[in-house]
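Let us work through a structure by asking and answering. Keep the sequence and the 3D view at hand.

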Amino acid sequence: MPELPEVETVCRGLQQTIERDTIIHTNVRRADLRIPFTPTLAADTQNQKVQTIRRRSKYALLDLANGKTLVIHLGMSGRVLVTEPDQPITLEKHDHFVLKFESGRHMIYTDARRFGMIFSHDTQTLNDHKLFTNIGPEPLSNHFNSDFLFKALQKRKSNIKAALLDQKLVAGIGNIYASEALYEAGIHPQRISNTITQDECASLYRSVCDVLSRAIDAGGSSLKDYKHADGNMGYFQHNFAVYGREDEQCRANCACGGKGRVQKIVQSGRSTYFCATKQV
DNA sequence: CGGTACTCCTGAAGGC
DNA sequence: TGCCTTCAGGAGTACC
């Protein structure tokens, strides 16, 4: 389930492999993923040099020499694989989009559930695209801080978990890191946003940054030897404190002393994991 | 306009 | 063993 850290890891992997390489062939293998591929996608990308690779929220952005940006969203099962130069490829059922590069490398986008998105758009006006206009600040940038978070939460009556998931408030946080950040901050996921105090906001802000940064670091170390793995980027070994650990014992360093068990509830149709002793 | 429920999709996992 | 049901979730849309 790629969230900000996983997409960041993918972008770094792409920077190490295909940045400044030139796309010599684009193979669009079906009509759509979650939304249709841009009709001009192949024409927009073929024979173009990839100048810059960057990330915004959960989107990987490949800026091309012709002023277009190739936008890639991994949805929930999307994967990106970059081969070694001249390594033969075998395309399979869920390989929906393939770029061939001058270097002889291939970039293969695989997405079994097709919740992802791939489209091209003018780089200059990408921020005006409807998928980008309402995205909140990057959590690890100067535009996001404790005060910003407090002011935003003051206006909201939804529970804090739903607020963290709302991309309009802050970009890139998904279901996993929302649970993890609330756990670390000691804030109960069912707390109503506008009851979170300024002090709690300071703690939550720190936790959001810490949880995301640690995951990015973990992704970075997994990338170092990607050549020895299969070239699949963005998925790496995680060690979550609560996510996916229903009924399992809390960690020894938990505020409950490791005596409690991780609980699971459903909020807005999404699983939330927490420790009822630590999080109040 | 804020909040919530529903929708898309397919593979994995669990029940019987 | 095999069929069926349920679950996973990012983000848009519909609706109150």
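**Strands and cysteines**

Q: In this predicted model, which residue in the turn between S3 and S4 has a positive phi?
A: S3 and S4 form a hairpin, with 3 residues between them. In that turn, one residue has a positive phi of about 85 degrees. This residue is Gly67.

Q: In which sense do S3 and S4 pair, parallel or antiparallel?
A: Strand S3 covers residues 59-64, and strand S4 covers residues 68-73. Leu61 has Val71 in S4 as its bridge partner. The two strands pair over 5 bridges, and the sense is antiparallel.

Q: How many bridges join S4 to S8?
A: Strand S8 spans residues 117-122. His73 has a bridge partner in S8, Met117. S4 and S8 run antiparallel, and the number of bridges joining them is 6.

Q: How many residues of S4 are buried?
A: A residue is buried when its relative accessible area is under 20%. Strand S4 is mostly covered. Of its 6 residues, the number buried is 5.

Q: How many disulfides does the model have?
A: A disulfide needs two cysteine sulfur atoms within 2.5 Å. By this rule the count is 0.

Q: Which cysteine has the sulfur nearest to that of Cys201?
A: Cys201 is buried, because its relative accessibility is 0%. Cys201 is in no disulfide. The nearest cysteine sulfur is 12 Å away, and it belongs to Cys209.

Key. Residues are numbered from 1 along each chain as its sequence is written. Chains are lettered from A and ligands numbered from 1 in the order in which they are written. This is a predicted model: local features need pLDDT of at least 70, side-chain atom pairs count only at pLDDT 80 or more; totals for chains, interfaces and linings use all residues. Side-chain values use heavy atoms; hydrogens and water are left out. Buried means under 20% relative accessible area, exposed over 50%, partly exposed in between (1.4 Å probe, protein chains only). Helices (H or I, at least four residues) and strands (E, at least two) are DSSP runs, numbered from the N terminus. Two strands pair if DSSP finds at least two bridges between them.
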